[in-house]
Amino acid sequence: MTEPALAELAHRYGVATEFVDWTGSSIPVSEATLVAVLAALGVPAATEAERAAALAAHEREYWARPLPPTVTGRAGATTPFWVHVTHGDPAPVRLELEDGSVRTGLRQLENNRAPYDLDGRLVGEATFELPADTPIGYHRLHLRLGAEEVSAPVIVTPATLTAPPGRQWGLATQLYSVRSSRSWGIGDLTDLTDLAVWAAARHGAGFVLVNPLHAAAPTRPMEPSPYLPTSRRFINPIYLRVEAIPEYADVRHRKRLRRLREAAQSRADRAERIDRDLVWKYKRAALEAVYAVPRSAGRQLAYAAYRQREGAALDDFATWCAIAEVHGADWHDWPAELRHPASPAVAAFAAEHADAVDFHRWLQWQLDDQLTGAQATAVQNGMGLGVMHDLAVGVDPDGADAWALQDVLALEVTAGAPPDEFNQLGQDWSQPPWRPDALERQGYEPFRALVNAVLRHAGGVRIDHIIGLFRLWWIPRGAAPTEGTYVRYDHEALIGIVALEAQRAGAVVVGEDLGTVEPWVRDYLRDRGLFGTSILWFESDWDGGPLPAARWREFCLSAVTTHDLPPTAGYLAGEHVRLRDELGLLTRPAAEELAADRAQQERWLAELRRAGVLDGEHPDTAEVVAALHRYLGLTPSRLLAMSLADAVGELRTQNQPGTTDEYPNWRVPLAGPDGRKVLLEDVFEDAGAARLAEIMRAAVHPSV
């Protein structure tokens with residue numbers, strides 16, 4: 001049993017003292033874990049005296065606040081909120097809407113709570129409510145206290161998002177792996193645009209889902225994982241197409257830039273793996289030459305407007321990049337005076353290295369331009385949604401966001417996952433989680449800015465591990481993943497902000513809700529208009545067999561496979577078992593694992609035959625892959641995705657969970673079943689890719 005004061009303190013801060021594991025057992029959380037997690041929230045709790053003091057401080061902080069840190073409500077419903085004033089004094093509150101209009105006379109509700117003695121002053125509590133017709137948006141609540149006025153942010157979110165009409169299918173791709181004959185050894189934003197045009201104009205696709213394009217540190221070695229970025233708000237300039245920048249036309253000695261591109265292409269042709277460091281070396285040299293070209297007056301105005309819109313966040317990111325190029329990509333190792341963005345020494349560094357800082361700002365402007373073009377072109381060519389971006393769950397603890405946002409991140413812990421059926425040791429993602437209390441105090445502004453940024457050039461967003469917006473597994477630094485606990489977040493606020501930003505962007509939201517999920521969460525997401533995720537191999541019935549297509553979720557993005565599994569041809573060949581055995585990741589003998597996998601595949605083959613999408617007793621791999629995608633069409637799911645790797649017959653996985661350098665994660669160039677590299681131009685002429693794309697078209701448009 002957890003000591004009562006510690007348990008109460010944990011409860012107040014949303015820290016779980018026990019949890020239900022994947023087997024259904026209730027697991028108590030150790031005192032050491034609770035103390036460490038509370039410390040990461042700024043709450044000392046190692047001794048009885050500290051716990052008593054922390055409880056008293058929590059109570060005092062509540063009563064000392066005239067208004068809540070943030071008031072969050074839903075459109076169409078009233079929202080109560082409390083106000084603290086000297087006992088007996090009036091509580092004149094008014095609501096200022098984001099359009100500048102003001103509402104007064106907010107309705108007061110009954111509140112019989114006894115006043116609190118705050119240093120000899122009795123503080124009373126009154127309760128008011130926001131009216132049900134308060135429009136969605138970011139507003140401000142004001143309270144007059146004598147000659148002083150205090151305020152608090154108000155966020156009113158949509159009750160639910162409206163789903164796009166009908167059904168749509170989309171192409172899922174790891175963009176870096178898909179290069180063309182004109183890109184610089186790695187897939188880029190022009191390649192993304194061309195891929196979207198092919199999928200939409202030739203095969204009726206409604207969207208293209210890409211891996212996270214988040215920024216990596218501009219230093220060697222460049223982090224290959226798109227799910228461990230230095231920043232989630234900004235983009236990796238390795239995805240720029242140099243020749244698509246308007247100023248490229250005015251570069252002197254363009255032959256030198258063409259030679260750089262040819263060198264990058266030649267090295268990529270010979271290399272077995274994607275070499276980001278080499279690509280960035282050549283591409284950066286070319287980008288520096290383009291950056292040096294004087295801009296027209298109109299272009300300069302556009303750049304100034306972009307800088308004004310992005311504000312301090314862009315400056316912080318660009319400054320971090322410039323410092324990293326001098327002192328390394330881990331800001332914890334920098335000189336002490338540079339370890340916080342508000343430091344005068346940081347401002348002095350930025351002034352001294354103004355050109356380097358501006359170069360990184362300029363890169364983000366170019367990315368903004370090219371992403372805008374990719375989305376516009378995708379929609380122009382018939383896509384209902386266009387580009388669907390992917391939002392990673394967190395950031396590198398040593399990177400730009402962790403440096404710039406350290407006041408709202410819990411740097412003393414890392415996020416991860418508890419043990420489950422697939423990973424019985426648990427997972428440590430090495431990423432610092434949001435502090436829920438700090439987010440609330442800042443009106444969720446950092447989270448709002450992040451969601452707004454990822455939706456700026458998108459018709460949709462996939463949110464990795466969306467369950468982390470409800471509760472997240474926190475692991476004390478240095479502890480094993482099994483020694484963590486859950487910390488709860490205000491999901492009404494976080495999911496509400498996602499819905500608000502998506503409604504304003506006209507975008508659909510897909511939550512990756514696989515793994516250990518509390519049963520009510522999927523219902524909640526559906527009620528708010530967010531889609532879930534279904535992967536065919538994980539859709540099982542009560543007896544462990546395939547879940548019949550008719551019983552799949554309607555408001556869902558459904559696919560046969562995902563980036564954490566081999567492409568379907570590789571999965572059918574047992575590649576996932578072979579690879580895990582080779583890397584020592586299996587928890588039982590390989591023969592036993594393979595037999596279980598074969599048995600499950602046989603059950604799926606039987607289900608495909610029962611559903612009438614597979615004929616014959618001995619189908620080849622291509623026929624099974626086609627049947628599995630036809631099966632998606634039998635489900636009621638509104639969004640269907642086909643992996644580009646499946647379209648070309650790739651066998652190798654992009655990522656093997658549980659490994660870093662043991663397997664070339666995120667560095668596998670797209671290839672066909674024979675292992676030979678496939679360029680984007682090859683995809684456009686590939687008969688197999690066209691056949692599978694037409695199967696997807698027929699799944700969502702059966703009359704066509």
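This is a predicted model: local features need pLDDT of at least 70, side-chain atom pairs count only at pLDDT 80 or more; totals for chains, interfaces and linings use all residues.
Across the interface of domain 1 and domain 2, the rule finds one salt bridge. On the side of domain 1 that touches domain 2, the residues divide into two nonpolar and two charged, with no polar ones.

Now for the two domains themselves. The domain assignment of the chain places domain 1 at 4–63 and domain 2 at 76–157. Their contact draws four residues from domain 1 and 10 residues from domain 2. Taken over C-alpha atoms, the centres of domain 1 and domain 2 are 30 Å apart.

How much area is buried between domain 1 and domain 2? The value is about 760 Å², and carbon and sulfur atoms give 57% of that area. Within domain 1, the residues that lose the most area to domain 2 are R60, Y62 and W63. Together these three account for 92% of what the domain 1 side buries.

One of the side-chain pairs is E59 with R12, which meet at 3.8 Å, N to O. E59 lies in helix 3 (residues 48–64) and R12 in helix 1 (residues 4–12), so this pair ties together parts that are 47 residues apart in sequence.

| Salt bridge | N to O distance |
|---|---|
| E59 and R12 | 3.8 Å |

Aromatic rings come next: a search of the whole structure finds 25 aromatic pairs. Why is the pair of F470 and W520 edge-to-face? Their ring planes stand at 75°, with the ring centres 5.6 Å apart, so the pair is edge-to-face, given that planes over 60 degrees apart count that way. F470 sits in the loop between strand 19 (460–463) and strand 20 (471–476), while W520 belongs to helix 14 (residues 519–527), so the pair ties together parts 50 residues apart in sequence.

Finally, two backbone details may interest you. R220 and P221 are joined by a cis peptide bond, with omega about -10°. P221 lies in the loop between strand 14 (214–215) and strand 15 (231–235). H253, a residue other than glycine, has a positive phi near 60°. H253 is found in the loop between strand 15 and helix 5 (254–270).

Methods
Residues are numbered from 1 along each chain as its sequence is written. Side-chain values use heavy atoms; hydrogens and water are left out. Domain bounds come from an automatic or database domain assignment. Contact means heavy atoms within 4.5 Å. Buried area is the accessible area (1.4 Å probe) that two parts lose on being put together, summed over both. A salt bridge is a side-chain nitrogen of Lys or Arg within 4 Å of a carboxyl oxygen of Asp or Glu. Ala, Val, Leu, Ile, Met, Phe, Trp, Tyr, Cys and Pro count as nonpolar, Asp, Glu, Lys and Arg as charged, and the others, Gly among them, as polar. Rings of Phe, Tyr and Trp (its six-membered ring) pair if their centres lie within 6.5 Å; planes under 30 degrees apart count as stacked, over 60 as edge-to-face and the rest as tilted. Helices (H or I, at least four residues) and strands (E, at least two) are DSSP runs, numbered from the N terminus.
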